[in-house]
Amino acid sequence: MLHKSPDELAVLYAETGPYEFPFGGLPPFRGREEVRTGYRGMWDRMPFAVREVRRRALRRTDDPEVVVVEQDAVVDVGGEIVHTRDYMDTGAVTRVRSAGAPPRTRKEADAPGTRVQPPLSEEQA
């Protein structure tokens, strides 16, 4: 992503591995060549440079072959914020505020209605 290189990205994928966009409403890329072609088209049209990519979180799922990664891309667009997407769980924030204290145990943190797991440490990743 830093170099906007579809070739560098594509080689990370299995020849037929799908790349899905569950929140974007886009059809999946099916395999390495569609990843390469799709990102070449997207990145060629990006009017800004990516300065840094920061990993925010790495989360496990029930499927040992699936992880969820959250990243921030720091881009140069003239010094103004041009877009924000916030995945805050407002229900969890309300529960924490009304309880007056954060969960004390992992069991409390994993209670029904608590959707986001704590990020993995570097040792767990």
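Colleague: How many of the residues count as buried?
Modeller: Of the 125 residues of the protein, 18% do, where buried means under 20% relative accessible area, exposed over 50% and partly exposed in between, with a 1.4 Å probe and protein chains only. This is a predicted model, in which local features need pLDDT of at least 70, side-chain atom pairs count only at pLDDT 80 or more, and totals for chains, interfaces and linings use all residues. Residues are numbered from 1 along each chain as its sequence is written, and side-chain values use heavy atoms, with hydrogens and water left out.

Colleague: What is the accessible surface of the protein?
Modeller: About 10,200 Å², and 53% of that belongs to carbon and sulfur atoms. Areas come from the Shrake-Rupley method with a 1.4 Å probe, and for residues only the protein chains shown count as cover.

Colleague: Which pattern does the protein follow along the sequence?
Modeller: The pattern is α-β-β-α-β-β-α-α, with four helices and four strands. Both kinds of element are DSSP runs numbered from the N terminus: helices are H or I with at least four residues, strands are E with at least two.

Colleague: Which residues make up the largest nonpolar core?
Modeller: Seven residues: Leu9, Tyr19, Phe21, Phe29, Val35, Tyr39 and Trp43. Helix α2, residues 32–45, gives the largest share of this core, with three residues. A nonpolar core here is a set of buried Ala, Val, Leu, Ile, Met, Phe, Trp, Tyr and Cys residues joined through side-chain atoms within 4.5 Å.

Colleague: What is Tyr39 in contact with?
Modeller: Leaving aside neighbours within four places in sequence, Tyr39 contacts Pro6, Leu9, Tyr19, Phe21, Phe29 and Asp44. Contact means heavy atoms within 4.5 Å.

Colleague: Staying with α2, what do its buried residues pack against?
Modeller: They pack against α1, β1 (18–19) and β2 (29–30). The buried residues of α2 are Val35, Arg36, Gly38, Tyr39 and Trp43.

Colleague: What span should α2 have, and how far apart are its end C-alpha atoms?
Modeller: The 14 residues of α2 should span 20 Å at 1.5 Å a residue, and its end C-alpha atoms are 20 Å apart, which agrees. The expected span is 1.5 Å times one less than the number of residues.

Colleague: Changing topic: where does Gln71 lie?
Modeller: In strand β4, residues 67–76. Gln71 is exposed, at 52% relative accessible area.

Colleague: What is Gln71 in contact with?
Modeller: Val53, Arg54, Arg55 and Arg56, leaving aside neighbours within four places in sequence. Gln71 and Arg55 are 16 residues apart in sequence and 4.5 Å apart in space, C-alpha to C-alpha.

Colleague: Last one: which residues make the nonpolar surface patch of about 240 Å²?
Modeller: Met1, Leu2 and Val53. Met1 lies in the segment before α1 (6–10), and counts as partly exposed at 45% relative accessibility. Patch residues have over 30% relative accessible area and no salt bridge, with like charges joined within 9 Å and nonpolar side chains (Val, Leu, Ile, Met, Phe, Trp, Tyr) within 5 Å. A salt bridge is a side-chain nitrogen of Lys or Arg within 4 Å of a carboxyl oxygen of Asp or Glu.
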